[in-house]
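I opened this model to look up a few things. My notes follow.

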Amino acid sequence: MKTSTLNIRTPEGIVFSQNLAGPVIRCIACFIDQLCIQVVMIVFSVIVGLLGVVSFNLAVALYAIGYFAVNIGYGIFFEWSWRGQTIGKKLLRLRVVDVEGMRLQFNQIVVRNLLRFVDSLPAFYFTGGLTCWLNSKCQRLGDIAANTVVIRAPKISEPDLEQLLAGKFNSLRQLPHLAARLRQNITPAEADIALQSLLRRDEFDPVARVELFSGLADHFRGKVEFPAEATDGVADEQFLRNVVDVVFRAKN
Amino acid sequence: MIVDLQKFIANGRPHWSGLEKMLDRIEAEPNEQLSLGQAQKFHQLYERTAADLAKVTTFSSEPETRRYLESLVARAYGEIHETREKRRKIFPLQWFFHTWPQTFRRHIRAFYLSLAITIAGCIFGGAAIAFDPEAKPVLMPFSHLMQDPAKRVAEEESATGNRLAGHKTSFSAELMTHNTQVSIFTLALGMTWGIGTIIMLFYNGVILGAVAVDYIRAGETKFLLGWLMPHGVIEIPAILIAGQAGLLLAFALIGRGSRTPMRTRLRELSPDLTTLIIGAGLMLVWAGFIEAFLSQYHEPVIPYSAKIAFGFIELILLCFFLAKAGAVKK
């Protein structure tokens, strides 16, 4: 079955997942790489052209070898130097990784890049694209042979909830028995919705934001009935912030 | 139960940051060996982070923290559980005199098969041109081979000037790149369960056999040997080695008689494929030089006997090298 994630279970029983890159985003990365190769070749042809003043024969030979080497070597060089990334992949935050989560080896990079020859048949990576589309791990033939996959590797930094939760008065905490019941009644999925809506609040259209927080606040108000003094005058967004604070911070 | 995320992050952060720093260092300096203490610390941080990941996955659906921990565990997992040889400095001489010939010999049966397919193609091409000379344009659709062999030999031998003067280097480069592309293609077509590789090898054999019989029938055997041998004794084995690699890839895909999963078979084969194709590429560089700088010169510039002798010496050296280099004395 085709999935968008690659799940790897470690011997310790821990499962981690990697988001697989689809054929379209890989195609765009490939297009960027082709542009880079063309730029390199333009620069190279200018340099070789200057050499042509001394020996035209040598310049033609160098250009032929250079064109071949850049076409074949571009992917190998960058994926090896940048641990599975070319310029196109880096820009789109993609990365080639081992299908079992192991360290990417040089020979895997060579094999997957040499097999571009067959993936590009009959033209414009049709075979590779089709295989990628049909394969459960979005692998082209080169990836299958080399045991690699291309994943989406978004920039990940340490999570910071300080700015979201700290330093605000929480009226719900004045009623610890009700706060405990709230924690008990909320599922992880509901807690996640509340947290995500707060983390992404600035991305919403103002009207949609008001409607969203109103709906969510109503939903969570129904979970536990708090007395009026704890909720009166508290805006929907602040109420939701209080709920998230109660759910994700068990103790003060 | 939902974890106290703030406390969870506060407690885990020093460990996660420590692991991240160690990973950055390991990735930046892959050749550096960790001391026992550092390795123990690394393992301890990995286990702690993996446990935190399990905790956050079970008790909270907070995706940002989970993604961060997953990325750390994924990076560390590859470093800790990898059993294959870690990348080291490259030793070209060691590779050339040991790894490459040893790899070739380890898969000699695939080479023999590659050779047999090419010979079958040669027999077919030779027989086709012998029985139906009119089929020449179909069998070898290359303009420079269309000419009558006797006429070509007469032209080549009467040429006074240096035909390739001013073009030798570029001609050589063209040959190298073209032949290397053909070799890589022959390898890559192994992914068609070997069908593409077999077709490539057979077709190469057909052309070779047709050209050979065409010249032999015209009584130009000596010219043929003098023309083809200096570069052909290297170039043809290089294509055969690429075919060997392609067939190995096909065997790994098909996995007949093997109980190991396809992924494992391909994983085990991958270094050998790289070695074989790089070896074939080196042979083609040499063949390209020889074809441009020696093969295209005929009598009276260079005696055929000298060119044939040169080809024989190359062939003997190549056979000796592939058969004996890097052999372990028992």
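I started with the contact between the chains: 49 residues of chain A are in contact with 53 residues of chain B (contact means C-beta atoms, placed from the backbone, within 7 Å). This is a predicted model, in which local features need pLDDT of at least 70, side-chain atom pairs count only at pLDDT 80 or more, and totals for chains, interfaces and linings use all residues. Residues are numbered from 1 along each chain as its sequence is written, and chains are lettered from A and ligands numbered from 1 in the order in which they are written.

Which element gives the most to the side of chain A that touches chain B? I found H2(A), with seven residues. Helices (H or I, at least four residues) and strands (E, at least two) are DSSP runs numbered from the N terminus. Other elements giving two or more residues include S2, H4 and H13 of chain A. That side divides into 31 nonpolar, nine polar and nine charged residues. I counted Ala, Val, Leu, Ile, Met, Phe, Trp, Tyr, Cys and Pro as nonpolar, Asp, Glu, Lys and Arg as charged, and the others, Gly among them, as polar.

Next I looked at S4(A), residues 148-152. Four of its five residues are buried (20 or more other C-beta atoms within 10 Å of a residue's own; exposed is 12 or fewer, partly exposed in between; C-beta atoms are placed from the backbone). S3(A) runs antiparallel to S4(A), joined by five bridges; pairing takes at least two DSSP bridges. Val97(A) stands opposite Val149(A). S2(A) is also antiparallel to S4(A), with two bridges. There, Asn19(A) stands opposite Arg152(A).

Last, I checked Val56(B), in helix H2 of chain B. Val56(B) is buried because 24 other C-beta atoms lie within 10 Å.

Methods. Contact = placed C-beta atoms within 7 Å.
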